[in-house]
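Dear colleague,

Please find below the structure that I am handing over to you. My notes on it follow directly after.

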Amino acid sequence: EQRKSELKAKIKALLKEQNAVMVAHYYTDPEIQALAEETGGCVADSLEMARFGRDADEQKLIVAGVKFMGETAKILSPEKTVLMPTLEATCSLDLGCPVDEFSAFCDAHPDHTVVVYANTSAAVKARADWVVTSSIALEIVEHLDEQGKPIIWGPDRHLGSYIAKQTGADMLMWQGECIVHDEFSAQKLQDMKAIYPDAAVLVHPESPASVVEMADAVGSTSQLIKASQEMSNEMFIVATDKGIFYKMQQLTPGKTFIEAPTGGNGATCKSCAHCPWMAMNGLEAIYNSLTEGKAEHEIFVDDALREKALIPLDRMLDFSA
Ligand code: 13P
Ligand code: SF4
């Protein structure tokens, strides 16, 4: 505990000294979210993180999240220094969508509009017509569907099928998934609902369709937080990364939040509702990003790639403005 408060004090001083600001995701550990808040940074979903980083006056961003979030910040603000607590923090969706294979998939269907989730590399974004995050995906696909062109969707198959179902759009899916959300179990959720019949079920659409079907509210992290405030229920079963409980509890301290169960058919969970890559954003790592050589922490995106990736990213930000 003493080491932790020392680190926090040092980080606060270094952020000030270096004119740097933290941009953190709701899935990072509670103490990281609290630190971002205490130092004038942001705690947000991936869309709001992108916007905050772009609009921040500070010329140095410490992105506490995963690599695609750092890359997005750099694409939007090439003049800023974008540092991450660790460059090892990746995402199973990004890992499962290598650019060469994804490009070949797109090339095989040239009449399709390519829509990619923000959870992808800069190179995959550069191959896309549109980038979306989970908070804006439905609206953007609805808009594209009105134009009548079929869509290539990548990489999250669960989010893709949810959107296809909601919009009726013609979508060809890349078969990726988030290792955290993929573990939520509909069967176990049924059992939990039987125990807590008054609890509302909040589900992130990266979860399997069987779990999404049981939801009282489906949405991005910020949409689920909003639902937990607005719904009159006293208790919520939450199918997303448990990092989100920090904000939910902060906003409605009187309510009870329980983790949705993971691991179907007797299997034990691997990530157990907490993203292993988000968990890498510890205090020590943040301190190191402000003190060590930049090589271990700085995000770079090749210029040519950056210019290409900026187009679909700007499209999303303009659409949601
Ligand atoms: P949102 O915060 O945009 O809902 O994204 C969730 C996510 O997968 C981040 O890793
Ligand atoms: Fe990727 Fe899932 Fe982790 Fe989000 S929670 S960074 S989608 S692996």
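Leaving aside its neighbours within four places in sequence, with which residues is cysteine 275 in contact? In this predicted model, the contacts of cysteine 275 are Tyr27, Val180 and Asp241. Cysteine 275 sits in the loop that joins β12 (256-259) to α14 (283-291).

An unreviewed UniProt entry places the feature "binding site" at Cys91, Cys178 and Cys275. Although these three span 185 residues in sequence, no two of their C-alpha atoms are more than 9.1 Å apart, so they gather at one spot.

Cysteine 178 is found in the loop between β8 (171-173) and α10 (186-195). With 24 C-beta neighbours inside 10 Å, cysteine 178 is likewise classed as buried. Not counting residues up to four places away in sequence, it touches Ser92, Leu93, Asp156 and Glu206.

According to the unreviewed UniProt entry, "binding site" positions include His25, Ser46, Ser134, His204 and Thr221.

Two of these positions may be described further. Serine 134 lies in the loop between β6 (130-132) and α8 (137-146), and it is buried, with 26 other C-beta atoms within 10 Å. Residues up to four places away in sequence aside, serine 134 touches Leu159, His204, Pro205 and Ser220. Threonine 221 is part of helix α12 (residues 221-230) and counts as buried, with 26 C-beta neighbours inside 10 Å. Beyond its neighbours within four places in sequence, threonine 221 is in contact with Tyr26, Asp45, His204, Thr240 and Ile244.

A helix pair

Helix α4 (residues 67-76) packs against helix α15 (residues 303-320) at an angle of about 95°, their axes being 9 Å apart. That angle makes α4 roughly perpendicular to α15. At the contact, Thr72, Ile75 and Leu76 of α4 meet Arg306, Ala309, Leu310 and Leu313 of α15. These residues divide into five nonpolar, one polar and one charged.

Yours sincerely

Notes:
Residues numbered from 1 in each chain as written. Chains lettered and ligands numbered in written order. Predicted model: local features only at pLDDT ≥ 70, side-chain atom pairs only at ≥ 80, totals over all residues. UniProt positions renumbered as here; feature names shortened; annotations may be inferred. Helix = DSSP H or I, 4+ residues; strand = E, 2+ residues; numbered from the N terminus. Buried ≥ 20, exposed ≤ 12 C-beta atoms within 10 Å, placed from the backbone. Contact = placed C-beta atoms within 7 Å. Axes fitted to C-alpha atoms, helices over the stretch in contact; angles between N-to-C directions. Parallel < 35°, antiparallel > 145°, perpendicular 65-115°, else oblique. Nonpolar A, V, L, I, M, F, W, Y, C, P; charged D, E, K, R; others polar.
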